[in-house]
There are 2 protein chains.
Amino acid sequence: MNVTISLPQPADRDYTITIDELPPIRIDAKAVIVTNPKVSGLHLQRLLERIEAKEVYIVVIPDGEAYKTMETIEFILDRLFDHRLDRKSVLVAFGGGVIGDMTGFAASIFQRGIDFIQVPTTLLAQVDASVGGKTGINNRFGKNLVGAFHQPKAVYIDTHWLKTLPKREFAAGVAEIVKMAVMFDADFFCWLETHDLNDEKSLKEAIRRSVELKARVVNEDEKEKGVRAVLNYGHTFAHVIENFSGYGTYLHGEAVSIGMVMANELAIAAGLFSREEAERVRKLLQRYGLPVDYSIDSADRFYEHFFLDKKSHDNTITFIVPESIGRYRMLAGPERELVLSVLKRFEKGNEG
Amino acid sequence: MNVTISLPQPADRDYTITIDELPPIRIDAKAVIVTNPKVSGLHLQRLLERIEAKEVYIVVIPDGEAYKTMETIEFILDRLFDHRLDRKSVLVAFGGGVIGDMTGFAASIFQRGIDFIQVPTTLLAQVDASVGGKTGINNRFGKNLVGAFHQPKAVYIDTHWLKTLPKREFAAGVAEIVKMAVMFDADFFCWLETHDLNDEKSLKEAIRRSVELKARVVNEDEKEKGVRAVLNYGHTFAHVIENFSGYGTYLHGEAVSIGMVMANELAIAAGLFSREEAERVRKLLQRYGLPVDYSIDSADRFYEHFFLDKKSHDNTITFIVPESIGRYRMLAGPERELVLSVLKRFEKGNEG
């Protein structure tokens, strides 16, 4: 099945997301596959069998968020020049979100922008990074602070790659799917409650619906000036959790799972959301083994950390919360006391 | 006087080039001026008097093409994070082409793109870099090989800064003005023959006409896929000259001056252009002290170098030549013998 992503002008940027077994990909130019040792070891051969290009080169970069740096971008760019790529050449991102973000960024600045194709190999990258055109790297000031908006020419989502994905990483992808349903689509949420994503057919359907929802949001707000902020549901809390736990303790999707539970508690405390619906969300997350509890050392310190985040201008934070399943609400600058009272419930000793 | 640059969709990218004494610039956010020691020493105070922003910071980077590197971009980005800039902040490029290219590139990738304003202080930057949205850096593989298309929010061209500009640099800017006239506008060429750009009023008029011509070309072809290539008139030769002489021997505009003379000779040899019109071009260039002669060591080696340039795909080069003053012609893949016969006339001992 295909999802077409229509972008605002200029119109030649529209592209198709193919959710199916990887078809042959024909590239009438040089192609460079950017990947990591893990993905290439498991899957490179299958990808190579399906790529036809004038010349195909492979660039392997180290695995992990720690290498999502300008240094790695320069390494990629140098290889592109070594292989004498020109403006018609195409990069192929073959891996998870880190590979996608960096390949897209390298493509966006190589000779002022060349095409790239995404072949995401994790569920998270398939439902999240495949739509939106966000590319970038981390630096010592934070995550994704340097980058570009650069749309892929095509995205190929094949659930085949997920067979080798660790269970935790699979669940981390499910968290983002649940996020989309809670924010935008009550029917989809009910559907998720009654289907098992470990079943291949249901999984593909869930990916399709999730991608379509995200495409609708991004199309309305390509450069993240309005509704796109809703995609940060759970993320405001998740960023602080990731920061306190040290990156690597929780997978991003796991931190988002906890973050959604916290955001729901805030919504309840603000009188916006029902306990009953919050329980349904919690239950769905738990079904996939996602964490829904967290022990905060100090609610005050946790609160202060919101303001270190790049998304907070002028010392107000907007929390994204559900007002019912399928309907988001932007809660701009809630009282400090209200937020603290929620955080305190997660403090060590107060849990549950 | 103002020139409005209309860009293809999305429409909110349109911007105005003001050719006049620098007016007060109001920025409702933090602003960072990026400049070099020379320009800041001579002119920073005057600029600061006219900028109103929430906070103003200055970032000074070393002067010259040698520092147009990713390292300098990272230096600029680090300062932006140090000063806690956000997505609403604005960069101000205050200097020549190198400053403009790097400030624009830093703006394009800081938090996936923020606004920037150009205040070009050389004639070359005023007529050339102020229109087109090209930003970028050099690396060991060549010039401007990494970068982005990123349009400024506004350009302020004030001829005041040119009073301290060395004569040679002024002439280098004139070369680009002559280029625009020869390619696109016979009337403008006649006007240049009968006016002196050392006169303030004529200079402003020439800048306006030049900028308007470039805007027309760029508007038709923002991402350089067609007619924009015409702006490379003289440049195909100039790049080789710069490469052979070592960067720094000739200013870019000087190499372009020689390159236009060579391109004209090629046009004559191909039976496209008249000796008489070529003489008019040479005379106009000479009037501003621009070089029009060059001694090639080996015509063969010079020829081979065309193919090392990034603009040549698949071993054909397109030379941009005039077919009359004011009308360009793309000469795709001329016979090697024809090009060599022209180059040989510039070989040591054969000059004149």
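The following legends describe close-up views of a predicted model.

Local features are reported only at pLDDT of at least 70 and side-chain atom pairs only at pLDDT 80 or more, whereas totals for chains, interfaces and linings use all residues. Residues are numbered from 1 along each chain as its sequence is written, and chains are lettered from A and ligands numbered from 1 in the order in which they are written.

**View 1. Confidence of the predicted complex.** The predictor assigns the complex an ipTM of 0.84 and a pTM of 0.89. For chain A, the average pLDDT is 92, and 95% of the residues score at least 70; pLDDT is the predictor's confidence in each residue, from 0 to 100.

**View 2. The open sheet of chain B.** Seven strands with mixed pairing follow the order E1-E2-E9-E6-E5-E3-E4 in chain B. Strands (E, at least two residues) and helices (H or I, at least four) are DSSP runs numbered from the N terminus, and two strands pair if DSSP finds at least two bridges between them. Strand E1 (2–5) and strand E4 (51–60) of chain B are at the edges with a single partner strand each, so one side of each has no neighbour in the sheet. On average, neighbouring strands of this sheet are turned by 20 degrees against each other, direction ignored. Strand E3 (residues 25–35) of chain B runs parallel to E4(B), to which nine bridges join it. Val34(B) has Val59(B) in E4(B) as its bridge partner.

**View 3. Helix H3 across the sheet strands of chain B.** Helix H3 (residues 97–109) of chain B lies across E3, strand E5 (90–95) and strand E6 (115–120) of chain B. Its direction is at about 170 degrees to E5(B); axes are lines fitted to C-alpha atoms, for helices over the stretch in contact (C-beta atoms, placed from the backbone, within 7 Å), and angles run from 0 to 180 degrees between N-to-C directions.

**View 4. Two loop residues of chain B with positive phi.** Arg84(B), in the loop between helix H2 (70–82) and E5 of chain B, has a phi near 55 degrees. Arg84(B) is exposed, with 12 other C-beta atoms within 10 Å. Gln111(B), in the loop between H3 and E6 of chain B, has a phi of about 45 degrees. Gln111(B) is buried, with 22 other C-beta atoms within 10 Å. A residue is buried if 20 or more other C-beta atoms, placed from the backbone, lie within 10 Å of its own, exposed if 12 or fewer, and partly exposed in between.

**View 5. The hairpin of E10(A) and E11(A).** Six bridges join the antiparallel strands E10 (residues 318–324) and E11 (residues 327–332) of chain A. Thr318(A) has Ala332(A) in E11(A) as its bridge partner. Two residues stand between the strands, and Gly326(A) in this hairpin takes a positive phi near 95 degrees.

Methods. Contact = placed C-beta atoms within 7 Å.
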